[in-house]
Structure formats: C-alpha cells, structure tokens
Amino acid sequence: MKLYALSDHSSAPCLLLTFKGTSILLDCGLDMTSLQHFLPLTVVPSARIAKLPPWQPLMEKTSDKILRNELRECGGRVFVDSDLELCVPELPLINLSHVDTILISSYHCMLALPFITEYSEFKGTIYATEPTIKIGQMIMEELVEYINRVPKRKRAVFWKSVDLRKFLPSPLKEVAHLSSWRSCYSNQDIQSCISKIKPAAFSENLSLFGALKLTPLSSGYCLGSCNWVIKSEFEKISYISGSSLLTTHSLPISQEPLKNSDVVIFTGITQTPTHNPDSMLGEFCSTLAVTIKNGGNVLVPCYPSGVLYDLFECLAGYMDKMGLGQTPFFFISPVAEMSLDYSQILSEWLCESKMNKTYLPEPPFPHADLVKENWLKHFPSIHGEFTNQFRSPCVVFTGHPSLRMGDAVHFMEIWGKNSNNTVIFIEPDFPYLDALAPYQPLPMKAVYCPIDTALTYQQANKIIRELEPRQLIVPEKYLSPPLAMPSYTELVIEAEPPPVPFKRGQVLDLVVKRKTERIQIAQELAEELTPSEVKPGQVYATIMGELTVRDNKYKLEKFNCDSKLPFSVNSLGPKKRPLEKDEEQTSLEGPILKKHLYDNFSVEDFVQSLAQHGITDIKVEDSSSGCIIHLQADDALIQIEEGSTHIFSVAGNEPLRRKLRDILVACLPKF
C-alpha cells in the first residue's frame with residue numbers, strides 16, 4: 001500500500017492511495033494562497049492601482065526592464081500585475097489514467113477537479129454527496145465569473161524564471177511550486193466535470209471492482225461533508241478530512257464506524273487554532289453593531305455558502321436586540337439566489353433541529369424570512385438593481401475572501417478611504433494582512449474574526465485516542481507548533497504509535513500486511529471435507545482444488561487431480577529420499593499428507609528440546625521479525641519468523657540439518 005501526497009495545503013488535500021490493485025484519489029483541493037501575490041482584479045478601473053509604480057530593483061540589469069512590466073510595488077510589497085493563477089495539486093507525479101476513483105469529502109476539497117476531468121486522461125468514477133456536488137459547482141462558477149468578469153490582461157511569466165527570482169524581494173522570492181500554477185478553468189469545464197460525478201448518500205456502501213467497499217460518513221463540518229471508510233474483507237482504512245464536533249446546521253459527525261482502522265489518514269484540522277469560533281462570532285456581531293451605530297458600512301468578504309448561513313441567523317437576532325433591525329443586509333454573488341434557495345431543500349443533510357422544522361412546515365434556515373421581510377437582499381452583482389436599492393449604513397456579504405477579485409474589491413476601493421467603515425474577515429483560508437497588502441495605506445478598519453468550525457488539535461487528539469488506529473498518517477505541519485506560534489507546544493498531533501508525516505511530493509509505504517483473504521468453497525468440494533478437532537474449539541481440514549479469481553472474488557472449485565492439472569501431483573518437486581522406519585511423513589509424497597503441521601511453537605520449548613538432544617551452547621537474539629537462535633558450537637543459525645523457519649548450517653553438515661529439522665517438527669502440533 002502506498003500513499004502519494006500531491007498537495008501541501010492541509011485544508012485543501014489531494015492524496016493518492018494504492019491498495020489491493022486499485023488507485024483511489026482522496027480529494028482534489030485547490031490551493032488559492034497563490035492569489036496573495038497578485039494585484040486585485042477591479043470591476044471598475046482603479047486609478048489608484050493604475051498609478052502603482054513598477055518595481056525598481058536595486059541593480060540595473062537587462063532583465064529588469066522585463067520585470068518592471070510584470071511587477072508593481074505597493075506599501076513595501078511587490079505584486080504580480082497579471083491574470084490570476086491558482087496552485088493545483090502535483091498531478092504530474094501520478095498517471096491519472098490509472099486512477100480508478102476519486103472520493104470527495106467536501107465542496108472545499110473539490111475545486112481542482114476540472115483540472116483532472118477535463119485536462120487529463122482520467123476515466124474513473126467520482127463520488128461525492130449531493131450537497132457537495134451542488135455547492136461545489138456554485139463556488140466554482142462564482143470563481144470563474146469573478147475572473148472572467150474583468151477583461152483579460154497580460155500573463156506574467158518572466159518573473160518565474162529561476163535566474164530572475166533570486167533577485168526578487170520576499171515573499172515572491174520564496175514562492176514554491178510555481179510549476180503547478182495554472183490559469184482557471186472555464187464554465188464549460190465545470191459543467192462537463194459536474195456531469196461525471198456520481199452522488200452518494202451517508203453510510204451507503206459503494207463497491208470498487210468487488211475488491212473494496214467505500215462508505216461516506218457524516219463529518220459534521222459543512223453541508224454534505226463526509227469522511228470515507230475504505231474496507232476490504234480484512235483491512236480498513238479511514239480518511240478523515242474537515243470534521244467538526246460543534247453544533248452547526250449540518251448533521252453531526254459519525255465516529256463509531258471509524259474505530260479500529262488499520263490506517264487513519266487525518267487532515268483538515270482548524271487553520272486558526274488560537275481563535276475560538278464562539279468568541280469570534282460574538283466579536284463579529286459586536287464589531288458590526290458598533291460600526292453601524294457610528295454610521296459606517298461593514299464589508300464581509302466570504303464564500304457563498306457554509307458559515308454564512310449561520311451568520312445570517314445569529315446576526316439577525318443580535319441586530320434586532322441592539323435596535324438595529326432596519327440595517328439592510330446585502331448578499332452579492334453570481335450564485336447568491338441559488339445558494340439561499342438550495343439551502344432550504346436539503347433537510348436530510350441538516351441537523352435534527354433544522355430537519356424537524358421542515359415537518360411543521362417551516363424553512364430550516366431563517367434567512368428565508370429575512371428575504372421575505374426585505375431585510376436580506378441578494379443580487380448577482382453591484383450593477384443593475386443593486387444600485388437602485390443600495391442605502392447606507394449597511395452590511396455587505398460578498399466575495400472573494402482573498403480580496404483579489406469579485407465585488408469585494410470594488411467595496412474596498414470605495415469604502416477603504418473612510419475610517420468609519422470596517423472590513424471583517426471571517427474565512428480562515430487567507431491571512432488577512434496579506435489580503436489587505438495591495439490596499440495600503442488603508443484608513444478603513446480591519447478586524448480578523450475567523451470562524452473555523454473544524455477540529456482543534458485538542459479535539460483531534462481526543463478522537464485519535466478513541467479511534468485507536470494501528471497507523472496514523474498526518475501532514476508534516478501537524479507534528480510541530482505553527483511557525484508563527486513556536487511556544488504553543490500543545491498545537492501538535494500526538495499519538496501512539498507516533499504518527500507518520502507526509503508532505504507534498506512524498507510517497508509513503510504504509511504498513512498494512514494482508515494476512516488473510518476470504519475464499520468461497522464450492523458446495524461439492526465442501527461436502528468432501530473431513531474436519532479434525534485438534535483442540536477444543538479449533539478444527540482443521542485439508543483441501544485441494546482449483547482457485548479462480550473473478551471481480552476480486554476468490555472461489556475454490558473441485559477438480560480431478562490428474563486430468564485437470566497440467567502435471568501429475570506425484571511429480572511435484574524433486575524426488576524425495578526414502579523415509580526411515582521411525583520417521584513421520586510431513587512433506588508432500590503423493591496427493592495425501594499423513595501428518596499435517598499447524599500453529600506456532602514456543603521458542604523456550606524448542607531451546608529445551610535442543611538441550612535434551614545435547615545441543616547446549618545456544619544464544620537467542622530478538623529480531624525485527626522474530627528471533628535468531630545461534631548454535632555457537634555447531635556454527636549454525638536458526639531464523640524463526642511468523643509463518644516460516646530457516647536453518648543455516650555449515651555446507652555439507654546434512655546430519656545436523658536433519659537433526660534440527662526433526663527436533664523442530666517434534667515441537668510443532670500436528671494432526
């Protein structure tokens with residue numbers, strides 16, 4: 001079993017698992033932190049950005065003129081003046097035509113899927129829950145709309161040169177994985193990609209070629225998010241990504257089926273471990289209310305789904321309580337209407353309290369009432385009807401949380417000059433100081449209230465102890481405190497046995513020994529069995545037949561020994577020496593065995609038996625796979641492993657070898 005790590009982003013994972021002759025891609029997240037190195041795409045031409053000076057290197061070189069056309073400076077940082085690019089997983093590391101299936105855990109972890117389905121030779125199946133498919137499609141369509149809304153400009157490429165990059169200032173100088181940066185896909189790519197995904201329900205058993213059973217389980221993180229259990233007849237692998245123990249609008253996490261796994265692959269721990277979601281929600285509401293009372297406007301850069309639904313519910317009650325119930329909420333997104341409507345028809349994917357509302361009947365989310373009361377208004381963009389209904393002070397929820405595209409860029413340009421206004425960051429995917437960098441100097445207030453409901457390190461460690469996996473696989477960053485908080489030693493994953501780390505581009509060999517396989521015995525063959533009870537509760541029987549494999553299912557069928565075999569059973573192996581009078585036959589001498597050995601033997605009993613036969617100069621050493629018995633006087637070694645024993649003696653000392661064999665056989669149980 002091997003695991004290929006194709007992504008560095010623990011909350012946008014992409015892993016390839018090879019197991020029992022199959023290849024399974026676990027998620028295909030899109031790393032959008034590359035956006036922080038680009039200038040924003042403005043919906044309305046910005047005179048401020050147009051006047052930003054080209055980057056001036058310290059030393060003049062021929063290449064500097066080229067770089068000045070691609071790089072601009074703002075607030076002491078250098079940005080790429082180009083079309084936006086996204087960092088895709090390390091797909092060239094694997095052959096996508098050999099991938100059998102892709103398992104998606106949440107809509108956050110599927111944004112790179114069109115790069116695989118439309119730009120590679122992938123022909124396998126893709127599984128995701130229905131909400132994951134629909135909301136993932138909405139987020140991808142919003143992303144494409146934001147990028148395509150602004151006329152295409154140049155695409156900067158020269159700054160990526162290794163020879164030139166070493167002269168660039170930080171953080172451009174340290175940018176990694178540039179070879180994986182790609183322009184975004186198209187709407188046609190999205191439609192084609194989505195059509196290839198097969199919906200799956202929680203706890204549904206999906207078969208992969210009859211070899212493996214794939215089961216999605218609720219993870220409690222967002223609508224439709226799931227963890228995956230991958231089972232064979234005797235092995236189990238659990239993939240945990242983006243889970244939550246908090247009470248939100250989605251179904252709670254299902255932990256019991258994850259227990260006693262041979263391997264647990266654990267990703268998706270909170271990106272903001274020092275920020276409690278409940279306290280951040282309280283700070284968000286209070287900051288927003290203070291800004292509105294002072295006559296300012298509030299901008300909330302966000303995704304069109306997820307925690308947004310909970311914010312509408314909490315914020316409406318808080319604003320009403322504070323006497324600010326007349327403050328309008330504007331939700332601006334190309335998919336705003338679709339997001340609000342779709343969230344109301346997913347009752348089977350919601351927590352029990354919201355599911356019960358659908359039987360009353362009532363809408364599970366209160367934002368339906370907010371829309372009816374004209375408190376919450378939604379628009380596809382800032383153009384058209386929005387300009388007629390806009391009034392201030394107000395709260396605007398819009399994208400993109402990176403502040404590099406979308407309508408949020410326009411509001412930053414027009415509201416950023418007023419210190420009464422506030423921008424509140426709630427999404428944990430982008431460092432807020434990096435998001436604000438191209439807008440400096442910025443009189444507008446900026447407040448960081450990331451609401452990340454994913455598991456904390458303490459919760460993750462507790463779950464790991466309860467699950468008791470035989471092997472734990474985690475991103476390398478989980479084994480040491482965050483770089484910005486080196487003294488927070490509690491922000492690490494701890495487990496016994498120690499976790500195995502992975503990083504982008506690494507291939508891990510996972511230790512899962514396949515000791516047993518299930519075989520179906522044909523009825524006519526089973527009827528001929530003559531079991532022998534060797535000890536209470538333990539029965540053995542010999543069997544011989546023809547093993548066939550079809551759809552990864554094994555079946556043992558009856559055959560005529562001499563007529564169906566391409567050789568005679570009596571001709572198997574080299575000719576055996578004649579047995580001595582008192583020697584038991586324990587090897588194959590014809591179609592029937594007279595004595596059958598089984599089980600293991602005690603090393604202590606074997607050493608005592610050797611001493612009884614005059615072999616006393618014995619040294620026993622433990623090894624990684626068993627033990628080694630050294631007969632020092634006879635210059636011989638006996639290597640004992642699970643399922644096999646090897647005798648090494650001086651060449652030509654056949655009597656000693658046979659003597660050791662007989663002593664060993666005598667120590668083994670037989671029937």
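Start with helix α18 (residues 603-612) and helix α19 (residues 654-667), whose axes come within 10 Å and cross at roughly 135°. Helices here are DSSP runs of H or I with at least four residues, strands are E runs of at least two, and both are numbered from the N terminus. The axes are lines fitted to C-alpha atoms, for helices over the stretch in contact, with angles running from 0 to 180 degrees between N-to-C directions. That angle makes α18 oblique to α19; under 35 degrees counts as roughly parallel, over 145 as roughly antiparallel, 65 to 115 as roughly perpendicular, and the rest as oblique. The crossing is right-handed, the label for a near helix turned clockwise from the far one by less than a right angle, with anticlockwise giving left-handed.

Which residues make this contact? From α18 come Asp-605, Phe-606, Ser-609 and Leu-610, and from α19 Leu-660, Ile-663, Leu-664 and Cys-667, where contact means heavy atoms within 4.5 Å. By class, the contact of α18 with α19 has 6 nonpolar, 1 polar and 1 charged residues. Ala, Val, Leu, Ile, Met, Phe, Trp, Tyr, Cys and Pro count as nonpolar, Asp, Glu, Lys and Arg as charged, and the others, Gly among them, as polar.

A word on the ground rules: this is a predicted model, local features need pLDDT of at least 70, side-chain atom pairs count only at pLDDT 80 or more, and totals for chains, interfaces and linings use all residues. Residues are numbered from 1 along each chain as its sequence is written, and side-chain values use heavy atoms, with hydrogens and water left out.

Back to α18: its buried residues are Phe-606, Ser-609 and Leu-610. Buried means under 20% relative accessible area, exposed over 50%, and partly exposed in between, using a 1.4 Å probe and protein chains only. Seen down the axis of α18, these buried residues fall within an arc of 100°, so they line one face of the helix; the arc is that of the directions from the helix axis to the C-beta atoms. They pack against β30 (618-623), β31 (626-631), β32 (636-641) and α19. On the face turned away from the buried side, you'll find the exposed residues Glu-604 and Gln-612. Just after α18, Gly-614 takes a positive phi of about 90°.

Helix α15 (residues 457-467) buries Tyr-457, Ala-460, Asn-461, Ile-463, Ile-464 and Leu-467. Down its axis, the buried residues of α15 fall within an arc of 165°, so they line one face too. Their cover includes β14 (236-240), β15 (263-266) and β22 (472-475). Glu-468 follows α15 with a positive phi, near 50°.

Is Ile-451 buried or exposed? Ile-451 is buried, with a relative accessible area of 9%. Neighbours within four places in sequence aside, Ile-451 is in contact with Pro-277, Met-280, Leu-281, Val-307, Leu-311 and Ile-426.

Leu-281 also turns up where α7 meets α8, as does Leu-311 on the α8 side. Helix α7 (residues 277-293) and helix α8 (residues 307-321) pack at an angle of about 50°, axes 10 Å apart, and are therefore oblique to each other. The crossing of α7 past α8 is right-handed.
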